[in-house]
Amino acid sequence: MSGTGIGAAVRRKEDQRFITGKGHYTDDVNRPGQAYAYFVRSPHAHAAIKSIDVKAAAVMSGVLAVLTGAELAKDKIGNLICGWMIHSKDGSPMKMAAHPALANGKACHVGDPIAVVIAATPAQARDAAEKVKVDYGVLPAVADPVAAQKPGAPQIHDVAPGNTIYQWSLGDAKAVDAAFKSAKHVTKLDIVNNRLVPNAIEPRAAIGEYDSGTGTFTLWNTTQNPHVARLVIAAFVGMAPEHKLRVIAPDVGGGFGSKIFIYPEEVVALWAAKKVGQPVKWVAERSEAFLADAHGRDHVTHAEMAFDGEGKIVALRAKTVANLGAYMSTFSSSVPTYLYATLLSGQYEIPQIYCEVDAVYTNTVPVDAYRGAGRPEATFVVERLVEVGAREMGQDPAELRRKNFIKQFPHQTPVIMTYDAGDYNASLKKALELADYKGFAKRKRDAARHGKLRGIGFSTYIEACGIAPSQAVGSLGAGVGLWESAEVRVNPTGSVEILTGCHAHGQGHETTFAQLVSERLGIPIDNVAVLHGDTEVVQFGMGTYGSRSGAVGMSALSKALDKVVAKAKKVAAHVLEAAEADIEFKDGKFGVAGTDKSAAWGDVALNAYIAHKFSGQELEPGLKETSFYDPTNFTFPAGCHICEVEVDSETGAAEIVAWTAVDDFGVVVNPMIVEGQVHGGIAQGVGQALCEGAVYDKAGQLVTGSFMDYCMPRADHLPPLKVDMTVTRCPSNPLGIKGCGEAGAIAAPAAVINAITDAIGTENLAMPATPATVWAAIRKSGLPRAA
Amino acid sequence: MAANTPAATATVSLTVNGKPVSAAVDTRTLLVQLLREELRLTGTHVGCDTSQCGACVVHVNGRAIKSCTVLALQLEGADVLTIEGLAAPDGPLHPMQEAFRENHGLQCGYCTPGMIMTAVDLVRRKGHELDDRTIREELEGNICRCTGYHNIVKAIAAGARAMRGTGAASKAAE
């Protein structure tokens, strides 16, 4: 390992600009002559749009245009789409309703964009938007996914009777029923996985620009995957062909999934830019973002786990209703199906699993992938069932887990996945030691002495990352392949540019990708530039989500580096006047076996470009290689998180007093960055468990629509986090990487709720476990006694 | 405001990062808008519209304030310091900036300028030896969605110690 290679805790190259205020986010971009967009949004959850009167707005100072859905349709701008086909049990395709970028005829959720004002300044656009008069015919609305399926519920889209998008299942129902009949113990839980608002601190933004001289559009956009945005806006929305549309994602201030999707506002910014002949900029206000960014989670589940007489799990079954909101967002259909039910085996050898999922429309903001995407929901189901099962059967929860762990790999689960490698006992064992599990009883007694109820909770989670083998996801309904590309451009002086189709929005790719180059080429990371986020620079790529950039993106880079080294060896053979087979490359130097002849990396790079030594021969000048890498399997990061809480039974306040995480991410490129990803994931998972929750009232109004109303973790919600790792190499990619971005968010909610329920002695506790919720749960179950 | 009436404008003069600045602004312009849109100092960010997130924290007359919560016109004659002015251009970084890098106290970088400006003010108010609890409580007005705060807390403790003797804490107040 070189000092900046794989495994080194290198400080991040990108930090210089962020700590000095020189970051370059979409809202920092200003185009010459730009105008500003402000959206008129529906104040009603469900309403017919009878008429829109734009006359008063159109004559306001600075107004350039007021555009509506009717004009969008007239200009033949296509609808937004969901790109993952799911079929129901009966074989019928999912019921995807039309999703125009501006509602046409009907508004389906509060915040549905109805019209847009384009004006010279943001304030003028906003002032004029207030003058747009929309005559609404208010319709009955439904926000609750279970209520949406009931007879007589308001019907949101004609294509989806009963608001049902699909009724999907996975597994062998009959075999599961038989296993349950033979079981000695059955644990049953009703679970609501609360709706979350991702809330990256950078609000979404877009600038559309149209060059009438070339007929070319440019979109600056807060996106996690610029190429997929271009593909969808070109091929489905029909704005322009791909070669006439450039998408640029500059620095992006957090995504967590919410910036994967193709949104109405970016389509409108492009369309409006052409209509008014000026660049059009839109920046979301935070309260607007609550109504316009895809939300996450929102599952209602009944789940049961069956055990035999020794506590071995014999079967699991779950029935889930998943709320997808008013329209199907880009990848929404995959989240409660192939990213959820396929993980219901957890870390356990479960012979039979059956899961049914109904996805439904409601009059709420669309729901799509949010950090973990389906896997946190699955983990919460499995880890709550195991913990509660242990308590019901009087077994130690750590021991019950150990007893049921998968120990042989590869392991085929009954729900599609083939786990390739892992050592679940190793991470559990290490976590138990670090958390001083043996000392917990004493800590509980000590807490009781100062009037607190102390509890401990486990979460031994699994996730499927490295998304994903193209053939596999294609067979499951994905409309795209999920390989990744990398290009390595060696300059004549030996410095290197790498181009990746991944996109960083906090993950530190400019450092970690450079570390791989440094390791392989023996050059300092400062001699490596990582270019991403611009469709005109990078040919194609699938973006960053699902903890895929290390496992898939860096594997592509690794293969491209292999090709670069192979070609550089050919050049070196000419430089060193030796046979190619005798050329060795080590620590940035080319040598000839058995001699002391050598050539430095920079010499060979220069010779590749001046070509004096091989002019006119078969070897081509230049040193630039590309690779497209398609993984052979998902990766399966796993680990053990242990949470300890102290609950004040008088107020219901639950304080997290200790957190231990031991994760197995395979090979770790930069432990400092990986630990940071774990910290952040835990905080979002703790947020879901303790304070976050999007609440709709009966009329479909979002009552948690601002940072004043929607509680996210502050620094004092969390203790210092104890984070450690175990390593089993991932056999499914050349670097042995599994991925780390979502682990914390997947593991944490179950650990927290298991800890609080342990403390208060009742399992009937909903997320978020706010003081009021915990207090009510304690009162309902009768006052627990401390210790 | 009636249709077609131009917005009222007024002129404000203040000092930003040591330089005198004068701008004619719409009277409803917030300080953060003046900084970002008029002066193109885009290191100060906007993350919310209810003064919770702290991405917009700058120093006014030596004290940290949320620049989304004050009108530009209220700052006639004020001395404003933004993230861009914390260290001299081409000079060494401020110790708190360096501590954020060294301790991986940032990921996407969006909340970072506000965090750093809050942290520098925290040292001014509470000194150079800051315990975990104090830092966490003092960060009530700054939200980070990426880091889980763990490394931000470490960075602020380290930055506070590194600021001892450098005079960096009192720079903005002078």
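Two residues are taken to be in contact if their C-beta atoms, placed from the backbone, lie within 7 Å. The structure is a predicted model, in which local features need pLDDT of at least 70 and side-chain atom pairs count only at pLDDT 80 or more, while totals for chains, interfaces and linings use all residues. Residues are numbered from 1 along each chain as its sequence is written, and chains are lettered from A and ligands numbered from 1 in the order in which they are written.

Between the chains, 48 residues of chain A are in contact with 49 residues of chain B. On the side of chain A that touches chain B, two or more residues come from each of α1 (15-19), α4 (122-129), α9 (286-292) and α18 (671-690) of chain A. The most is given by α18(A), with 7 residues. By residue type, this side of chain A comprises 22 nonpolar, 14 polar and 12 charged residues (nonpolar: Ala, Val, Leu, Ile, Met, Phe, Trp, Tyr, Cys and Pro; charged: Asp, Glu, Lys and Arg; polar: the others, Gly among them).

Chain B contains 5 helices and 5 strands, where helices (H or I, at least four residues) and strands (E, at least two) are DSSP runs numbered from the N terminus. Their order from the N terminus is β-β-α-β-β-β-α-α-α-α. The C-alpha atoms of chain B fill a box of roughly 55 × 30 × 25 Å along the principal axes. Of contacts in chain B with a separation of 6 or more, 63% join residues 24 or more positions apart.
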